[in-house]
Amino acid sequence: MRNHYPFSLQALPYAYDALSPVLGEETLHFHHDKHMHTYVENLNKALEPHTEYQCLSLNSLLAKLDTLPQSAQTAVRNNGGGVYNHQLYFSTLNAPNIATKPSQALQAAIDRDFGSMEEMIAQLKQAALGRFGSGWAYVVADKTGSLSICSTPNQDVPDFTKFAPLMTVDVWEHAYYLDYQNRRPDYFDAFISLIDWDIVSKNYENRTFV
Ligand code: MN3
C-alpha cells in the first residue's frame, strides 16, 4: 500500500475465517474493518491540514512526532500508531499451526539473546500480561541484530530510530474479548500458534530504522 498520506486500509492477507478458531471471523471483522479502519481515517484527518507532512512515511511521522505541529501530535501518535501496530500485527499472522519456523539467522539470534524460542515467548507473554490496560508487546531488533522484548501503552510504538519491531501482540480487549472474554493469558497462548515465522524472519532480515 501507499506509505504516505492519504493512508488506506490494507486488506487482510487471508480470509476472515482463516485464523479460526483461535481468532474468530467476527473478531477479525470488528478488529480490522472497524477498529483499524477508524485509525486510518483519523490519521488522514489529522494530516489533512498539514500538507508539508503528507509526504512522510508512517514510520517517519511516528519517529518525529515532536517535529509535527503541536495540534496534530496527539492524533498522529494515537492513530498513526494504531495503523502501524495493526499492520504489523495482522501481517505476521497465518492459519493456526502452519508449519513455519524462524530462519537460521533469526533462530541464531533467538538462541543467543534468549537461550531458546520457549524463553523468548515466555518473556513476550510476561510483557503482554504485565501491560496494565491497553497496549502492545513486541519482539524488536536493534541495529546490531540483537533481539529484545518491549511493551507500549495505548497505540504508542517503539523508538524506530533504535528498534525495528519484528512481531507484536495486541493486548487491547477488542483483540480478544469475543473469543476469550477477559482471559488474556489464554488469548496469548493461542495467538502464538498463529505466528508466521517466515514473515517474522523476513522482518528480521529486512529491518530498517528511521
Ligand atoms: Mn487492536
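Modeller: Start with a cut-off: buried means under 20% relative accessible area, exposed means over 50%, and partly exposed lies in between. Keep in mind that this is a predicted model.

Colleague: Why is N154 called partly exposed?

Modeller: Its relative accessibility is 41%. That falls between 20% and 50%, so the label is partly exposed. N154 belongs to the loop between β2 and β3.

Colleague: Where does Q181 lie, and why is Q181 called partly exposed?

Modeller: Q181 is in the loop between α6 and α7. Its relative accessible area is 32%. The limits are 20% and 50%, so Q181 is partly exposed. Q181 also has a positive phi, about 50°, without being a glycine.

Colleague: Now the metal. Which residues are the protein donors of the manganese ion?

Modeller: H31, H86 and H174 each give NE2, and D170 gives OD.

Colleague: What makes these atoms donors?

Modeller: They lie 2.0 to 2.1 Å from the manganese ion. The cut-off is 2.8 Å, so they count.

Colleague: Which spacing do the donors follow along the chain?

Modeller: The pattern is H-x54-H-x83-D-x3-H. H31 is in helix α1 (residues 25–47) and D170 is in strand β3 (residues 164–170), so this pair ties together parts 139 residues apart in sequence.

Colleague: Are H31 and D170 buried or exposed?

Modeller: H31 has a relative accessible area of 1%. D170 has 0%. The limit for buried is under 20%, so both are buried.

Colleague: How many aromatic pairs does a search of the whole structure find?

Modeller: Eight.

Colleague: Why is the pair of Y89 and F191 called stacked?

Modeller: Take the distance first. The ring centres are 5.7 Å apart, and rings pair within 6.5 Å. Then the angle. The planes are at 5°, and the stacked class needs under 30 degrees, so the pair is stacked.

Colleague: Which parts of the chain does the pair link?

Modeller: Y89 sits in helix α3 (residues 70–91) and F191 in helix α7 (residues 184–192), 102 residues apart. Y89 and F191 are buried.

Colleague: What makes the pair of F188 and F191 tilted?

Modeller: The centres are 6.3 Å apart, inside the 6.5 Å limit. The planes are 45° apart. Stacked is under 30 degrees and edge-to-face is over 60, so tilted remains.

Colleague: How are F188 and F191 separated in helix α7?

Modeller: They are three residues apart, which is about one helical turn. F188 is buried, as is F191.

Colleague: Which residues form the aromatic cluster?

Modeller: Y89, F90, W136, Y176, Y180, Y187, F188 and F191 form one cluster.

Colleague: Which residues of α7 are buried, and what do they pack against?

Modeller: R184, Y187, F188, A190, F191 and I192 are buried. The buried residues of α7 pack against α3, α5 (117–130), β3 and α6 (177–180).

Colleague: What sits over the ring of Y204?

Modeller: The charged end of R207 does, 4.5 Å from the ring centre. The distance limit is 6 Å, and the charge must also lie within 35 degrees of the ring normal.

Colleague: Why is strand β1 called largely enclosed?

Modeller: Seven of the seven residues of β1 (residues 135–141) are buried, so the rest of the structure largely encloses the strand. One side carries G135, A137, V139 and A141, the other W136, Y138 and V140, and all are buried.

Colleague: How many bridges pair β1 and β3?

Modeller: Six, again antiparallel. W136 stands opposite D170 in β3. D170 is also one of the manganese donors.

Colleague: Last topic. Which residues does a cis peptide bond join, with omega about -15° or about 5°?

Modeller: Y5 and P6 are joined with omega about -15°. S20 and P21 are joined with omega about 5°. P6 is in the segment before α1, and P21 is in the segment before α1 too.

Conventions: Residues numbered from 1 in each chain as written. Predicted model: local features only at pLDDT ≥ 70, side-chain atom pairs only at ≥ 80, totals over all residues. Heavy atoms only, no water. Donors = N, O, S within 2.8 Å, 3.2 Å for Na, K, Ca; no water. Helix = DSSP H or I, 4+ residues; strand = E, 2+ residues; numbered from the N terminus. Buried < 20%, exposed > 50% of the residue type's maximum accessible area, 1.4 Å probe, protein only. Phe/Tyr/Trp six-rings, centres within 6.5 Å; stacked < 30°, edge-to-face > 60°. Pairing = 2+ DSSP bridges. Contact = heavy atoms within 4.5 Å.
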